[in-house]
Amino acid sequence: MQTTLGIIGGSGIYDIDGLEGAEWVSVATPWGDPSDQILTGTLGGVKMCFLPRHGRGHVHSPSSVPYRANIDALKRLGVTDVISVSACGSFREEMAPGDFVIVDQFIDRTFAREKSFFGTGCVAHVSVAHPTCPRLSEVCHTAAQQAGITVHNGGTYLAMEGPQFSTLAESKMYRESWGCDVIGMTNMPEAKLAREAELCYASVAMITDYDSWHPDHGEVDVQQIIATLMGNAEKGRALVSRLPALLGAQRDPCPHGCDRALDYAILTAPDKRDPTLMTKLDAVAGRILG
Ligand SMILES: CSC[C@H]1O[C@H](OP(=O)(O)O)[C@H](O)[C@@H]1O
Ligand SMILES: Nc1ncnc2[nH]cnc12
């Protein structure tokens with residue numbers, strides 16, 4: 001099967017360079033409009049689809065990002081592997097601004113977002129015990145190392161609702177009691193939806209700040225976050241440029257089963273399924289629902 005890599009660019013990342021045959025395309029979905037058009041093209045022989053999570057011009061807040069439409073649109077374009085690139089705060093002294101973290105776990109504290117493609121009329125329960133794809137995460141880790149980036153392999157990401165940053169008490173609790181490593185506002189429910197859509201998902205988080213817990217650093221400041229992001233933008237570009245060679249243009253079935261997540265997940269009896277919802281699931285669950 002052909003690899004098609006989807007990249008979801010976070011804050012400060014609204015475009016990517018170097019795509020051959022680059023074209024912004026509009027994709028309609030049954031879940032509404034995605035955050036923006038999607039930039040399609042080829043990089044190093046691998047098909048790529050780039051979607052700016054907040055839209056060009058940073059239109060969507062973390063709560064209003066149309067996560068379902070975004071994942072559906074990527075699936076509709078034939079994407080097999082999704083890499084999220086995000087800004088995040090750090091709860092660890094040794095995870096410093098400018099470093100990257102290949103996130104492998106999440107604590108989902110978001111509460112004002114649509115979190116599933118399924119529901120009344122077609123109930124499904126997928127496992128997110130391991131919410132990121134180890135194979136794709138390893139590719140990202142290797143790409144970061146090859147690009148000379150200081151990268152931490154594994155970390156727990158606290159997904160908060162926002163848009164305000166955390167209080168000092170919250171920041172200390174996430175760090176000291178909950179054992180989180182980084183914090184951001186967007187990787188959930190994105191990772192859960194990618195699993196429901198049977199897409200491999202990896203999260204590359206660039207550390208921009210120490211949130212508010214660090215006694216030697218002040219409060220989080222969005223201008224400083226963007227300055228750190230811009231100052232490290234070349235690292236992101238260097239990482240992305242190494243992905244095609246590591247991924248290859250052809251892929252085998254995911255050894256971790258991301259692409260078969262729905263095999264045993266749907267509980268609703270065929271004769272009880274809601275035809276309207278079934279139509280909306282044409283891209284996300286087309287493999288299993290036919
Ligand atoms: C710009 S600071 C807060 C904002 O940045 C992160 O966005 P993303 O994950 O899309 O890079 C964070 O999650 C917040 O949404
Ligand atoms: N400290 C922080 N909290 C939440 N989201 C962030 N994105 C970047 N830094 C962040």
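**Backbone, ligands and helix contacts**

Trainee: Where is the place of His58?

Mentor: His58 is in the loop between strand E4 (46-52) and H1, where helices (H or I, at least four residues) and strands (E, at least two) are DSSP runs numbered from the N terminus. This is a predicted model, in which local features need pLDDT of at least 70 and side-chain atom pairs count only at pLDDT 80 or more, while totals for chains, interfaces and linings use all residues. Residues are numbered from 1 along each chain as its sequence is written, and chains are lettered from A and ligands numbered from 1 in the order in which they are written.

Trainee: What makes the phi of His58 worth noting?

Mentor: Its value is positive, about 55 degrees, although His58 is not a glycine. Most residues other than glycine have a negative phi, and most peptide bonds are trans.

Trainee: Why is H1 called oblique to H4?

Mentor: The axes of helix H1 (residues 67-76) and helix H4 (residues 187-196) come within 9 Å and cross at roughly 40 degrees. Axes here are lines fitted to C-alpha atoms, for helices over the stretch in contact, with angles from 0 to 180 degrees between N-to-C directions. Angles under 35 degrees count as roughly parallel, over 145 as roughly antiparallel, 65 to 115 as roughly perpendicular and the rest as oblique, so H1 is oblique to H4.

Trainee: Which residues of H1 and H4 meet?

Mentor: Tyr67, Arg68 and Ile71 of H1 meet Pro189, Glu190, Leu193 and Ala194 of H4, contact being C-beta atoms, placed from the backbone, within 7 Å. This contact has 5 nonpolar, no polar and 2 charged residues; Ala, Val, Leu, Ile, Met, Phe, Trp, Tyr, Cys and Pro count as nonpolar, Asp, Glu, Lys and Arg as charged, and the others, Gly among them, as polar.

Trainee: Why are H2 and H6 described as oblique to each other?

Mentor: The axes of helix H2 (residues 134-146) and helix H6 (residues 233-247) come within 8 Å and cross at roughly 125 degrees. That angle makes H2 and H6 oblique to each other. In their contact, Val139, Thr142, Ala143, Ala144 and Gln146 of H2 meet Leu239, Arg242, Leu243, Leu246 and Leu247 of H6, and the residues divide into 7 nonpolar, 2 polar and 1 charged.

Trainee: How many residues surround ligand 1, and how many surround ligand 2?

Mentor: Ligand 1 is surrounded by 13 residues, the closest being Gly10, Ser11, Ser86, Gly184 and Met185. A residue is near a molecule if its C-beta atom, placed from the backbone, lies within 6 Å of it. Ligand 2 also has 13 residues around it, with Ala87, Gly89, Ile183, Gly184 and Asp211 the closest.

Trainee: What do the classes of the two shells show?

Mentor: The shell around ligand 1 divides into 5 nonpolar, 7 polar and 1 charged, and that around ligand 2 into 8 nonpolar, 3 polar and 2 charged. E5 gives the most to the ligand 2 shell, 3 residues. E5 and helix H5 (222-231) each supply at least two residues to the ligand 1 shell.

Trainee: How do you know that the residues UniProt marks as "binding site" gather at one spot?

Mentor: The unreviewed UniProt entry places that feature at Ser11, Arg53, His54, Ser86, Ala87 and Thr186. They span 176 residues in sequence, yet no two of their C-alpha atoms are more than 12.2 Å apart, so they gather at one spot. UniProt positions follow the numbering used here, feature names are shortened, and annotations may be inferred rather than shown by experiment. Of these residues, Ser11 lies in the loop between strand E1 (4-9) and strand E2 (20-25).

Note on methods. Two residues are in contact if their C-beta atoms, placed from the backbone, lie within 7 Å.
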